[in-house]
Amino acid sequence: MTTPQGDSRIVSAGRVIAAGADRIFELIADPALQPRWDGNDNLAEAAAGQRVRAAGQVFVMATTNNNVRENHVVEFTEGRLIAWRPAEPGQAAPGHLWRWELEPVDATHTRVTHTYDWTELTDERRFPRARATTGERLQASVDRLATVAEDPIR
């Protein structure tokens, strides 16, 4: 399910994943695990040991374009919610936000919603890439996350 919300600067995707919220959240909150399920094929790697545990933390990620991003965690509830604003190293975040919300349906199923919000982005040079981040691209991440979370071997 992909839906634009309000205006085209907020897009979301989501589904129910057949895994517990704790397992799914661990895959999101540990940046070293994110490249395994990134549907944008944008994340290359993150150093181990950066597992997010609170708002205010910053984790560092390398992208497939050989860029480095500092991701400033601005929302956090263990097992339920995490959101961050990416920025170039040492720079202020330009105004876009990635959010993951998890809502347990039961012990083995979780509703996952992934949102990209660029309502505060003011640098017009970044607009084309922001517009290219569609609900379908977010859905690809949710679907890949489901594949990893639902497989007990992964």
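**Salt bridges, overall.** I counted the salt bridges in this predicted model. The structure holds nine. I then looked up three of them, given below by residue pair.

**Glutamate 150 and arginine 15.** I checked how their side chains meet. They form a salt bridge, at 3.8 Å from N to O. I noted that glutamate 150 sits in helix H3 (residues 135-150) and arginine 15 in strand E2 (residues 7-17), so the pair ties together parts that lie 135 residues apart in sequence. I also looked up accessibility. Glutamate 150 has a relative accessible area of 34% and is partly exposed. Arginine 15 is partly exposed too, at 28%.

**Arginine 126 and glutamate 88.** I found a salt bridge here, with the closest N and O atoms 3.0 Å apart. I placed both residues in loops. Arginine 126 is in the loop between strand E8 (109-117) and helix H2 (127-132). Glutamate 88 is in the loop between strand E6 (81-87) and strand E7 (97-106). The pair links distant parts of the chain, 38 residues apart. For arginine 126 I read a relative accessibility of 26%, which counts as partly exposed. Glutamate 88 is partly exposed at 36%.

**Arginine 125 and aspartate 123.** I recorded a salt bridge between these two, the closest N and O atoms being 2.9 Å apart. Is arginine 125 buried or exposed? I looked it up: arginine 125 is exposed, with a relative accessible area of 73%.

**Network.** Which residues are linked in a network of salt bridges? I noted Glu88, Asp123, Arg125 and Arg126.

Terms used: Residues are numbered from 1 along each chain as its sequence is written. This is a predicted model: local features need pLDDT of at least 70, side-chain atom pairs count only at pLDDT 80 or more; totals for chains, interfaces and linings use all residues. Side-chain values use heavy atoms; hydrogens and water are left out. A salt bridge is a side-chain nitrogen of Lys or Arg within 4 Å of a carboxyl oxygen of Asp or Glu. Helices (H or I, at least four residues) and strands (E, at least two) are DSSP runs, numbered from the N terminus. Buried means under 20% relative accessible area, exposed over 50%, partly exposed in between (1.4 Å probe, protein chains only).
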